[in-house]
Amino acid sequence: MNGSESSGYRAASGASSAYSNRVYEYTPAPGQFINETNTGGFTGSESTREAAVEYASKRIAKQSYVSLGSFGGYIIVGFDHSIQNKGGYDFAIQGNAFDSSNEPGIVWVMQDVNGNGLPDDEWYELRGSEYDNAETIRGYKITYTRPAEADAPVAWSDNAGGSGTIDRVKEHTQAYYPEWLGERFTFEGTRLPDNIGKAGEKWTMEPFAWGYADNYSASDRTGMTNRLRISDAVTADGAPANLAQVDFIMVQTGVNAKAPLIGEVSTEVSGIGCYRTVTKKQ
């Protein structure tokens, strides 16, 4: 980590946006807000990847949430300038977490090393509080299968011998499986420990200490906004990535868990921006 400019660096100007200016990919896993035309904001006509990106772009532009669905679902955004590594908080992600409702998302970053303006270089995971937790699983893969009936639960199986379903929550009656994905779809990523708890008769989704999106942690209680550091980026073997700047950010649902009444844990994102530009703080 040094925060100095490296190859491909794009300086911010007075006209630069504080927030991401492009959604490159929106590939959610099945979930209760996918294809949902009420609070989810879908039109019901999103049947291609291009239409899904257009949907997510419009939602993010007005800072309305997009759901990433259950484990593995993700969104990739880019910026009109590089975000420098200053050693402190470099960017912020807005979600809809609150005290007992946390749906933590893993954050990944990429530097445009080849300079082609596309997120096709190497992704680096941001180390969060659960990175060294014995229950955290890296290289976790999960495959979802489209149900024969649109209103049926969505079955999944993983590479650890597990299986289960994404169950329906009664007020969400639409198909949970993304219309633009194939009959089976596999996601891969880092699986965080389950965060489902119970307070009396109420099911809760507990926060992690720091380093995740859509996570109302003690260190991040700043209006549903999580602050992240590029200096927490690590290589596949856990070593510091030492990135001078990043150009693309991916948020991915990191928990594979569910509870009665509240359904699956599904990360939501409503905005991603440069922390210093948004807050006017260094």
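In strand β12, the bridge partner of I196 is M205. Strand β11 (residues 196-199) and strand β12 (residues 202-205) pair in the antiparallel sense over four bridges; two strands count as paired if DSSP finds at least two bridges between them. Strands are DSSP runs of type E with at least two residues, and helices are runs of type H or I with at least four, both numbered from the N terminus. Two residues separate β11 from β12 in this hairpin, and G200 in the turn has a positive phi of about 65°.

This is a predicted model, in which local features need pLDDT of at least 70 and side-chain atom pairs count only at pLDDT 80 or more, while totals for chains, interfaces and linings use all residues. Residues are numbered from 1 along each chain as its sequence is written, and side-chain values use heavy atoms, with hydrogens and water left out.

Strands of a sheet pair through backbone hydrogen bonds, either parallel or antiparallel. Here, six strands form an open sheet with antiparallel pairing, in the order β1-β3-β15-β5-β6-β14. The edges are held by β1 (22-27) and β14 (233-234), each with a single partner strand, so one side of each is left without a neighbour in the sheet.

Within this sheet, six bridges join β5 (residues 105-110) to β15 (residues 245-253). One of the bridge partners is V251 in β15, which faces V107. Helix α1 (residues 49-61) lies across β1 and β3 (74-84), running at about 125° to β1. Such angles run from 0 to 180 degrees between N-to-C directions, with axes fitted to C-alpha atoms, for helices over the stretch in contact; contact means heavy atoms within 4.5 Å.

## The nonpolar core

The largest nonpolar core has 60 residues, and those with the most contacts inside it are Y26, I75, F91 and Y144. β3 gives the most to this core, with six residues. A nonpolar core is a set of buried Ala, Val, Leu, Ile, Met, Phe, Trp, Tyr and Cys residues joined through side-chain atoms within 4.5 Å. Buried means under 20% relative accessible area, exposed over 50%, and partly exposed in between (1.4 Å probe, protein chains only).

## Aromatic pairs

The structure holds eleven aromatic pairs. Rings of Phe, Tyr and Trp (its six-membered ring) pair if their centres lie within 6.5 Å; planes under 30 degrees apart count as stacked, over 60 as edge-to-face and the rest as tilted. The rings of F71 and Y140 have centres 5.0 Å apart and planes at 85°, so this pair is edge-to-face. F71 lies in the loop between β2 (66-67) and β3, and Y140 in strand β7 (residues 137-145), 69 residues apart. F71 is buried at 0% relative accessible area, and Y140 is buried at 1%.

Y144 and F187 also form an edge-to-face pair, 5.9 Å centre to centre with 75° between the planes. Y144 lies in β7 and F187 in β10 (residues 184-191), so the pair ties together parts 43 residues apart in sequence. Y144 is buried at 0% relative accessible area, and F187 at 2%. Ring pairs also link Y26, F42, Y55 and W180 into a cluster.

## The surroundings of D120

D120 is located in the loop between β5 and β6 (124-126). D120 is partly exposed, with a relative accessible area of 42%. The side chain of D120 makes polar contacts with the side chains of N114 (3.1 Å) and N116 (2.7 Å). A polar contact is a pair of N or O atoms within 3.5 Å; within protein, one must be able to donate a hydrogen and the other to accept it, and residues adjacent in sequence count only if both atoms are side-chain atoms.
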